[in-house]
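Dear colleague,

I am handing over the structure we talked about, and my notes on it follow below. Please read them with the model open beside you.

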Amino acid sequence: MKIASKLLPIILNIFSLCILFVLFYKNATFLFSNAFDKFVYNSDYFINYTSGFIKRGLDGQLIYAVTVLTGFSPINILRTLYIIFFVALSGIVSNILYKSKISFFYLFSPFLFLFPFVYFPLYHISKDMEVLVISYLVLYLFINGKSKLLLNIAFSIGILAHESIFIFLFFPLLLIQLFYQGKGSIIQKFLNFGITFAPSIIVFLLIFLKFNGLSNNIQIIYDSWKPYSIYLQNVHFNSGLFDGRPRLISNVVKEPYNLIGLGLLLGINFLFVTAGGYVYAKKNFLVLLGMSLLQILPIIVLCVVASDFGRWFFLSNAILLFSMFLLQEKVPSVNFSWGNSHFIMRTYEMLSFPMVCILFVLGGMPYLGFNIYRYFYSNPFKIILDWL
């Protein structure tokens, strides 16, 4: 039994490395191919401020400014940005792998950093890589007590790029404030949290409540790109950004299998990330468990008002992993413990490692909606079989 428990992680790590190599080759080939030039329907990176200030337009405005100043192709600028974000995120993950005891196969599972490699040629992963790079920076600055000004600048830039960063960082930052930062009563810690992040909260509320565009903004943005790229005339913008209405998923209500799929994703992701939290960060497990439970709330809300399922889990899981890593040397300032005899602690003690291994092998996450094919699209065995 002991030999098997030692050999299994080695086998899974080698298997995961092979999968990553296959996906890296496919992604690099796609990124530098002509197919990438035509596959730019993802609107987020080409929304700019030529028709007025609009949420998620910061990146598009920067691309537009560089295009006007240099004459470079906006598609090539986007290609360069993707390379930068891939390299930056890979550097963060490599640092986590090097400085912690977290297994390679856990990091590069379908629930974590295998996810963007699987879906990049299909959906460009929207702004997920950028959001995660900035999320890591915000968590690093906050947990290590760095400049509040720099903290809010980084957070605000992330919100201007995509407001989801605030939604997914709110509960992790709040629990870190309550259990690790400073002294005093819970009320004092809540007040300190509000004061610390007041600038970022204001930016989020303004972006979320006020700066949706109007339908006539779309043509103005199209016209602004006309002199620079023929491909950008075919971009399909998210209508929810221009008419103020959420993009509801009617199938979630109408089709039972979508509700079943959402329930499975909630359960499987929660088990996978919290089992990993117990295996690799036992000292901070209760806080990580609390983060995972609270993150379910924004995920459910976003799954109801947006067409993405797996994306939201991926972002939440990655942010939990960042928190797990950055808190590894931190000691909670609040004394709390269930003790090893508690039912939940006994259950995780017995099942957490086999749970991580089994879910890695059987796991998979859809990017959009839910059906059986999409669920198994990112399954590790399917990736290898498709390649062979």
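Asp-386 forms a salt bridge with Lys-382, with the closest N and O atoms 2.6 Å apart, where a salt bridge is a side-chain nitrogen of Lys or Arg within 4 Å of a carboxyl oxygen of Asp or Glu. Both residues lie in helix H20 (residues 380-387), 4 residues apart, about one turn of the helix; helices here are DSSP runs of H or I with at least four residues, numbered from the N terminus.

Please keep in mind that this is a predicted model, in which local features need pLDDT of at least 70 and side-chain atom pairs count only at pLDDT 80 or more, while totals for chains, interfaces and linings use all residues. Residues are numbered from 1 along each chain as its sequence is written, and side-chain values use heavy atoms, with hydrogens and water left out.

By the salt-bridge rule the count comes to 6. One of them joins Asp-128 and Arg-311, with 2.8 Å between the closest N and O atoms, and this pair links distant parts of the chain, since Asp-128 is in helix H7 and Arg-311 in helix H17 (residues 310-326), 183 residues apart. Both Asp-128 and Arg-311 are buried. Another joins Glu-349 and Lys-282 at 3.4 Å, N to O, and it too links distant parts of the chain, with Glu-349 in helix H18 (residues 343-362) and Lys-282 in the loop between H15 and H16, 67 residues apart. Glu-349 is partly exposed at a relative accessible area of 47%, and Lys-282 is also partly exposed, at 45%.

As for helix H7 (residues 128-143), 14 of its 16 residues are buried, so H7 is largely enclosed by the rest of the structure. Just after H7, Gly-145 takes a positive phi of about 65°.

Finally, Val-273 in helix H15 (residues 256-280) is buried, with a relative accessible area of 4%, and Ser-292 in helix H16 (residues 285-305) is buried at 8%. The C-alpha atoms of Val-273 and Ser-292 are separated by 7.8 Å, although the residues are 19 apart along the chain. Leaving aside neighbours within four places in sequence, Ser-292 is in contact (heavy atoms within 4.5 Å) with Phe-270, Val-273, Thr-274 and Leu-320.

With best wishes

Key:
Buried means under 20% relative accessible area, exposed over 50%, partly exposed in between (1.4 Å probe, protein chains only). Helices (H or I, at least four residues) and strands (E, at least two) are DSSP runs, numbered from the N terminus.
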